[in-house]
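We will go from one stop to the next, picking a few residues each time.

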Amino acid sequence: MSFFSSVDPQPPEPDEERETYRRPPAVHGPWPDEVGRPVAASFVLARSGTAAVAVQAIRAYSTGCLFEIAWVVRRTDEFAARWRRLHEIAFRHVPAGSADGDALLLGVALSDGTTARTNDRFDRRDPGSGPRLVNPGGSGTSGGTERIHGTAEHWLLPLPPAPTMELVCSWPVFGIEESRRTIDTTALREAASHAQWMWPEDADLPGPEDE
C-alpha cells in the first residue's frame, strides 16, 4: 500500500438547503432568463451644435421595454479648461431625482396621460403601479481631446399602452432643449408577445409577489 493512500478520504459535503428561485422585482430591469424582441427603431432623438443623442435599439419584453441610448459630445471652440469641465459633466453620475441642468434627462408621455422620467423620485422597494423609467445599470462613457461618447440603457415598465407614446429628451448644458419623438407602441406590444424564455418552463417561475 502506498504511503499516501492511507490518508483519510475527504468527507462528503453536506447537502445544502436550497430556496425556490424567484425573479427579482421588474423595476430592476428585464428578467435575465427572458430574450427580448427587437423593434425596428433607431434614430437621432435630439441634437445641438455640441451634442447628439440617439436611440440605437428598442427591445420589448413581457414586463416592459429597454431603450439603448447612445450620445456624443464634440469639441467646437472650447478652450482646454472648458473642455475638461465638459468631461467632468459627461462622466459624472447624476442620481435619480436630480433636476440638475447638467443631466441628460429622458422621459415618456404615454397615450393614457401618464408620464415617467429618469429623474422621478420613488422607492424601488415600492415603485407603485404607474410607469417607471429607470437605468438598470448598463452604461459607459469614454472620451479624448475632441469627442466624448457614451451609452446607457433605460428600462420602461410596464409595457406602454397602444397606440403611441412620446419619448422626450433634454440636456440643456449641451444645448439640447426638450425634444420629442413619437414611437409606435402597437408594434412594441406585438413584439413583446414574441419575447422568448431561455427555457419554456421559465414562464411559470414565481415572481417576488408570489411569497
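Start by selecting Trp71, Trp171 and Phe174, which ring pairs link into a cluster. Rings of Phe, Tyr and Trp (its six-membered ring) pair here if their centres lie within 6.5 Å; planes under 30 degrees apart are called stacked, over 60 edge-to-face, and the rest tilted. By this rule the count comes to 4 aromatic pairs.

Before you move on, a word about what is on screen. This is a predicted model, in which local features need pLDDT of at least 70 and side-chain atom pairs count only at pLDDT 80 or more, while totals for chains, interfaces and linings use all residues. Residues are numbered from 1 along each chain as its sequence is written, and side-chain values use heavy atoms, with hydrogens and water left out.

Next, select tryptophan 31 and tryptophan 197. Their ring centres are 6.3 Å apart and their planes at 25°, so this pair is stacked. The two belong to distant parts of the chain, 166 residues apart: tryptophan 31 is in the segment before β1 (34-35), and tryptophan 197 is in strand β13 (residues 196-197). Helices (H or I, at least four residues) and strands (E, at least two) are DSSP runs, numbered from the N terminus. Are these two tryptophans buried or partly exposed? Tryptophan 31 is buried, with a relative accessible area of 14%, whereas tryptophan 197 is partly exposed at 21%. The cut-offs are under 20% relative accessible area for buried and over 50% for exposed, with partly exposed in between (1.4 Å probe, protein chains only).

Now go to tyrosine 61 and tryptophan 155, an edge-to-face pair with 5.7 Å centre to centre and 75° between the planes. Tyrosine 61 is in the loop between β4 (51-60) and β5 (65-74), and tryptophan 155 is in strand β10 (residues 147-157), 94 residues away in the chain. Tyrosine 61 is buried at 5% relative accessibility, and tryptophan 155 is buried at 0%.

Arginine 23 lies over the face of tryptophan 31, at 4.7 Å from the ring centre. Arginine 181 does likewise over phenylalanine 43, at 4.2 Å from the ring centre. To count, NZ of Lys or CZ of Arg must be within 6 Å of the ring centre and within 35 degrees of the ring normal.

Helix α2 (residues 185-192) is the next stop. Which of its residues are buried? They are Thr185, Leu188, Ala191 and Ala192. These residues cover an arc of only 110° around the axis, which puts them on the same side of α2; the arc is that of the directions from the helix axis to the C-beta atoms. What covers them includes β2 (37-39), β4, β5, β11 (164-171) and β12 (176-184).

In the other direction, select histidine 87 in helix α1 (residues 80-91). Histidine 87 is buried, at 18% relative accessibility. Leaving aside neighbours within four places in sequence, histidine 87 is in contact (heavy atoms within 4.5 Å) with Gly143, Gly144 and Ile148.

Now pick cysteine 65, buried at 0%, and cysteine 169, buried at 1%. How many disulfides does the whole structure hold? A search finds 0, taking a disulfide as a pair of cysteine sulfur atoms within 2.5 Å.

Finally, zoom out to the whole protein, with its 2 helices and 13 strands. Buried residues make up 38% of its 211 residues.
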